[in-house]
Amino acid sequence: MGFDTATNKMVQSEDSSFTAFSVNFNEHYHSTKDGALHESLQKHVIPALTLLSDKEELTILDICYGLGFNTLATLYYLKKNNIKKKIRIFSPEMDGELVASLNTFPYPEEFMFLKPIIEAVSRDNRYEDDTCLIEVYIGDARAYLRECKEQFDIVYQDAFSPQANPLLWTREYFADIARFIKDDGVVTTYSIALKTRLALYENGFDIYLNEGEGFRKATLASKAELKGFEKVDMEHKIKCNPDVTPLRDEEI
Ligand SMILES: C[S@@+](CC[C@H](N)C(=O)[O-])C[C@H]1O[C@@H](n2cnc3c(N)ncnc32)[C@H](O)[C@@H]1O
């Protein structure tokens with residue numbers, strides 16, 4: 001297959017859409033049960049864009065670009081629902097070879113209209129038109145955050161699992177996220193681990209449950225109140241699980 005590289009292999013999900021398996025991290029890029037587009041929409045794009053539907057302009061941090069589903073699903077969702085917004089997406093990704101190969105990835109039919117964007121990002125790590133800017137930073141996400149000058153409305157926290165990629169889930173990592181997110185910004189993540197939620201909570205985020213038909217439970221976090229989502233009682237969780245602590249940089 002054209003897409004396969006030494007470190008990333010294409011995989012078909014149960015819904016027949018494609019994702020990939022990382023040899024280096026020994027993990028799939030998406031749930032092979034849910035399917036990549038479905039997972040991206042339900043766990044990240046729909047809750048974030050619904051919560052911030054009043055904003056005319058959104059600045060998004062997509063951690064990390066990978067196959068680009070969260071970025072592309074954002075543009076797909078806006079087009080499908082005829083929502084006009086200015087969108088700026090910044091996305092660190094350490095695997096430059098992966099990004100360069102994405103013009104050969106078998107994306108779902110829904111992304112066909114995004115072909116010029118997929119090709120530009122794969123060629124230049126960047127795309128821009130009147131309403132949309134996408135910049136993929138080839139390098140380490142932690143280094144990107146050290147130099148970051150943006151304030152984000154949305155952070156798609158979609159790194160490999162805390163077990164496989166702990167440095168993108170620590171208390172110190174989320175301290176950086178807390179510095180670069182707006183007061184009404186929203187973090188979306190598939191992780192419901194208490195360690196992850198504590199790392200967010202100890203940096204001033206409240207924690208909410210993202211659940212619905214056809215996808216496994218996920219987490220939303222914000223410094224502002226998120227209407228329509230169940231708030232997790234973190235003080236109660238801490239009392240019931242006194243030995244659980246967030247991941248720390250120094251332990252890794
Ligand atoms: C689960 S995948 C991202 C899935 C992505 N949202 C998508 O839609 O395909 C995790 C990605 O993080 C990248 N990555 C891992 N550690 C990184 C780091 N420290 N900095 C930047 N990218 C990293 C991997 O190369 C991989 O592409």
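Predicted model: local features only at pLDDT ≥ 70, side-chain atom pairs only at ≥ 80, totals over all residues.

Reply: Residues are numbered from 1 along each chain as its sequence is written, and side-chain values use heavy atoms, with hydrogens and water left out.

Me: What makes the radius of gyration of the chain agree with that of a compact globule?
Reply: The radius is taken over C-alpha atoms, and the globule rule is 2.2 Å times the number of residues to the power 0.38. For 252 residues the rule gives a value near 18 Å, and the chain has 17 Å, so the two agree. The C-alpha atoms fill a box of roughly 50 × 40 × 40 Å along the principal axes.

Me: How many helices and strands are there in the chain?
Reply: The chain has 8 helices and 12 strands. These are DSSP runs numbered from the N terminus: helices are H or I with at least four residues, strands are E with at least two.

Me: What share of the residues is called buried?
Reply: Buried residues are 54% of the 252. The word means under 20% relative accessible area, while exposed means over 50% and partly exposed lies in between (1.4 Å probe, protein chains only).

Me: Why is Asn26 called exposed?
Reply: Its relative accessible area is 57%, and the cut-off for exposed is over 50%, so Asn26 counts as exposed. Asn26 is in the loop between strand E2 (18–22) and strand E3 (27–28), and has a positive phi of about 55° although it is not a glycine.

Me: Why does Asn82 count as exposed?
Reply: Asn82 has 57% relative accessibility, so the term exposed applies. Asn82 lies in the loop between H2 and E5, and its phi is positive, about 55°, although Asn82 is not a glycine.

Me: What makes a set of residues a nonpolar core?
Reply: The members are buried Ala, Val, Leu, Ile, Met, Phe, Trp, Tyr and Cys residues joined through side-chain atoms within 4.5 Å. The largest such core here has 46 residues, of which Leu49, Leu67 and Phe111 touch the most other members. Elements that give two or more residues to this core include helix H1 (36–51), strand E4 (57–63) and helix H2 (69–80). H2 gives the largest share, 7 residues. Apart from this core lies another, of 31 residues, with Leu145 and Ile177 among them.

Me: Which residues of helix H6 are buried?
Reply: In H6 (residues 171–180) they are Tyr173, Phe174, Asp176, Ile177, Ala178 and Phe180. Their cover includes E4, helix H5 (141–147) and E8.

Me: Where is the cis peptide bond?
Reply: The cis bond joins Ile63 and Cys64, with omega about -10°. Cys64 is in the loop between E4 and H2.

Methods
Contact = heavy atoms within 4.5 Å.
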